[in-house]
Amino acid sequence: MFAPRTTPWPLVALFTAGYLPPYLLPTTVGRLDTSLPLSTTQAGAVGSALLLSSATAGFLLASRVQRFGARTPARLGLVLAVLGYGAAALTTAVPAVVLGAVVGGFGSGTAMTVAATRIAAEKDPHRASTAGLLSVSALAGAVYLTVPHLGRAHGLPLAAIALTALAVWPLTGRLPGPAAASPAAPGADATAPLPHRRSGLVLAVTVLCWSLAQNSLWGVSGRIGLTQAGLGDATLGVVFAVALGAGLVGVLVAGALGPRLGRAMPVGAGTVLIAGCIAVSASATTPTAFATGEIAWNTVYPVVLSYLIGLAASLDARGRWAVLVGSASSLGTAAGPLAGSVLSAQAGYAGMGLVLAAGLLLVAAPMTAVALHTSGRPLLPGAIRRRGGTPAALVAAATGTPSGAVPEVGAVEQPVVEIDVEVPAVAVQGAYDTAGPRQAAAAPGSGPG
């Protein structure tokens, strides 16, 4: 019988603590704008600084989690998150708020890095990342429903992030320490170079642009709802909560589908759908249109994100590409609030939506190509060759195997094990003679004949 698949809940909790700040970005930036002496652009810059600090943690720790173990960096990150976000929530001095946001962002990025590294080493990284997205979406939705009823203080969403990090702390005791064995595949070299460098770099660059487009809209969605679509503050919170609830449905669907559809179709087609949703949401002038765009967008977004996380994890069992691609995503997320503010100021919200949608359509093609190249797909007979061997599809055709069932092995080189088989020698004429004694000097088979 097969062993039941278990969900690594400590990693899911750590993933939630690390990913919560980007999910709460609209309310965080909006409250900095309205509750502190900051302009809209300055509030967006603070949000960008927070997320940039988070991305920096990922780049610095990408190759070091295996050396330090998971427990110590995770606890350090959670402590920084509690102290940084907690301090920013308790003060109204702008320099202290900015400093706290940057320190907290580095802590969140550290937690995210540890979670991504360990999830990449799981037997089913898509399942683990889906559970993490499900958790963070549910928590963010609860915050959006609760915070508007607690006042307009800038520190409420920051306090929610700090309390989440504090709640996750006890679970870090179940993470491995530095003396634990590496979660990578057995026999993996700790100093091995990054595999699939071309695919990884293309994925990192395109995911950066993908996240930039998402968070350019997400960072100004609150202002679009309030000023262009005519929603009130409480109603806007309900729309965001329902949108994140729809995201839960999307994540559940992604978890149920798993790898059945591959990664190329969810990534490519999903990105095209997101582009359309962004255009609708940015151009909305009524509450109905705005809610429709936001809910549809947030339904599809986590689905594509879960497949992108799984795709990055599949490039390296040690989780380095997962961390680097995640950090590149954080860079795009960090630039999002500022980019959205600048674009909307120059072209209006509708114009910003069209620009972002066009950018997403451009990056959909290379992301889909990476998914096709690394995930494997059926090919026509004769299109697959193993190193030094017979075309695998031709062998399949000779044995009656359907050609569509032959996987691609050109993208991920499969080891070929040579097995020596003893074959009986073919009888040669003269190898056997009449029974009887041979001459001492005669070799076997050298008799007359």
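Contact, in this notebook, means heavy atoms within 4.5 Å. Helices are DSSP runs of H or I with at least four residues, strands are runs of E with at least two, and both are numbered from the N terminus.

**Entry 1: setting up**

I am working with a predicted model, where local features need pLDDT of at least 70, side-chain atom pairs count only at pLDDT 80 or more, and totals for chains, interfaces and linings use all residues. I number residues from 1 along each chain as its sequence is written, and my side-chain values use heavy atoms, with hydrogens and water left out.

**Entry 2: the whole chain**

I looked up the secondary structure and found 15 helices and zero strands in the protein chain. Next came burial, where buried means under 20% relative accessible area, exposed over 50%, and partly exposed in between (1.4 Å probe, protein chains only). Of the 449 residues, 48% count as buried. I also checked contacts with a separation of 6 or more: residues 24 or more positions apart account for 85% of them.

For helix pairs I use axes, which are lines fitted to C-alpha atoms over the stretch in contact, and angles from 0 to 180 degrees between N-to-C directions. Angles under 35 degrees count as roughly parallel, over 145 as roughly antiparallel, 65 to 115 as roughly perpendicular and the rest as oblique.

At what angle do α7 and α13 pack? I read about 140°, with the axes 9 Å apart. The two helices are therefore oblique to each other. The crossing of α7 past α13 is right-handed; the near helix is turned clockwise from the far one by less than a right angle in that case, and anticlockwise in a left-handed crossing.

On the α7 side I listed Pro 125, His 126, Ser 129, Thr 130 and Leu 133, and these meet Pro 302, Leu 305, Ser 306, Tyr 307, Ile 309 and Ala 313 of α13. Sorted by class, this contact has seven nonpolar, four polar and no charged residues. My classes put Ala, Val, Leu, Ile, Met, Phe, Trp, Tyr, Cys and Pro as nonpolar, Asp, Glu, Lys and Arg as charged, and the others, Gly among them, as polar.

**Entry 3: α7 against α11**

I stayed with α7 (residues 125–146) and turned to α11 (residues 233–257), where the packing angle is about 165° and the axes are 8 Å apart. That makes this pair roughly antiparallel. Here α7 passes α11 in a left-handed crossing.

The α7 residues involved include His 126, Thr 130 and Leu 133, while those in α11 include Phe 240, Leu 244 and Leu 248. The class count for this contact is 14 nonpolar, six polar and no charged residues.

**Entry 4: α5 against α8**

How close do the axes of α5 and α8 come? For α5 (residues 71–90) and α8 (residues 155–168) I noted an approach within 8 Å and a crossing at roughly 155°. α5 is therefore roughly antiparallel to α8. The crossing is left-handed.

Among the α5 residues in this contact are Leu 78, Val 82 and Tyr 85, and among those from α8 are Leu 158, Ile 161 and Leu 166. By class I have 13 nonpolar, two polar and no charged residues.

**Entry 5: single residues**

Is Ser 211 buried or exposed? Ser 211 sits in helix α9 (residues 197–218) and is buried, at a relative accessible area of 1%. Beyond neighbours within four places in sequence, Ser 211 is in contact with Ser 329, Gly 332 and Thr 333. I also found a polar contact of 2.6 Å between the side chains of Ser 211 and Ser 329; such a contact is a pair of N or O atoms within 3.5 Å, and within protein one must be able to donate a hydrogen and the other to accept it, with residues adjacent in sequence counting only if both atoms are side-chain atoms.

Thr 16 belongs to helix α1 (residues 9–23) and is buried at 4%. Leaving out neighbours within four places, Thr 16 is in contact with Gly 132, Ser 135, Val 136 and Leu 139.

Leu 32 is in helix α2 (residues 25–35) and counts as buried at 3% relative accessibility. Its C-alpha lies 5.5 Å from that of His 154, although Leu 32 and His 154 are 122 residues apart in sequence.

Last, I checked Arg 318, in the loop between α13 (287–314) and α14 (320–375). Arg 318 counts as buried at 8% relative accessibility.
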